[in-house]
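Subject: Structure for your files

Hello,

Here is the structure I said I would pass on. Please open it alongside the sequence as you read.

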Amino acid sequence: MDIVLPPPGKFAGYIFDCDGTLAASMHLHYRAWKKALADHGAKIDFTWDLFISHAGRGTEQFVGLLNDDHGEKLHPANVARTQDEILSEIHHTVEAVPEILAYAQKLANEGKLIAVASGGTRDAVNRTLHYIGAGKLFEVVVTIDDVSRGKPAPDTFLLAAKRLGVKPAECVVFGDSVLDIEGAKAAGMAWVKLDPK
């Protein structure tokens, strides 16, 4: 993968999604989701495509959608807790997406303002950043725990911009999911779509 460059224009803030963007972690999340859903008796055929189509959503929000769309009767908080427990057991194996992490480091070295805006929980995102060696790289980290509405609502990105102290229109978002791009557009931000990792 070539170093990703933002769209033409001058930006004051650079906002990165975490899972699938900075970290090649989607396969770990998928494994954790499959086992958590099975442990809670879900009948759904939880395919990779179904998982990826909802990438970026908060865990409890995702369970609620599975209930609504597939007739499940899962308890969102309980399934989310199990998913995180399973993930935490394999989380140490996560690896960075080296080109994207190097680009974020380059921006930081140049004194640019960078942030993470993720649909994951604060604990899970902090673990991911720690394991990929980026635990101290981002001063601003916004997660689903910080907002009332997850992606594709713009809240996560807008809060990241606010905490960076820059206007939304002066930010660019790097994300791997459709929800990232929808959220960036709703926030009035430029965006770069990456392949999920």
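Predicted model: local features only at pLDDT ≥ 70, side-chain atom pairs only at ≥ 80, totals over all residues.

Sheet and helices

The sheet is open and has 5 strands, paired in parallel in the order β3-β2-β1-β4-β5. Its edges are β3 (140–142) and β5 (190–193), each of which pairs on one side only. On average, neighbouring strands are turned by 20° against each other, direction ignored.

Strand β1 (residues 13–16) runs parallel to β2 (residues 113–117), and 4 bridges join the two.

Helix α6 (residues 122–131) lies across β2 and β3, at about 135° to β3. Helix α7 (residues 155–164) lies across β1, β2, β3 and β4 (171–175), and its angle to β3 is about 160°.

Largest pocket

The largest pocket holds about 470 Å³ of space. It is lined by 30 residues, and those closest to its centre are His29, Arg57, Thr59, Gly119 and Gly120.

Which helices supply at least two residues each to this lining? They are α1 (26–39), α3 (59–70), α4 (76–90) and α6. Helix α4 gives the largest share, with 5 residues.

By residue type, the lining divides into 11 charged, 11 polar and 8 nonpolar residues.

Regards

Note on methods:
Residues numbered from 1 in each chain as written. Heavy atoms only, no water. Pairing = 2+ DSSP bridges. Axes fitted to C-alpha atoms, helices over the stretch in contact; angles between N-to-C directions. Contact = heavy atoms within 4.5 Å. 1 Å grid on protein atoms, 1.4 Å probe; cavity = no way out; pocket = protein on both sides within 12 Å on 5 of 7 lines; lining within 4 Å. Points joined across faces, edges and corners; volume = space filled by probe spheres on them. Nonpolar A, V, L, I, M, F, W, Y, C, P; charged D, E, K, R; others polar.
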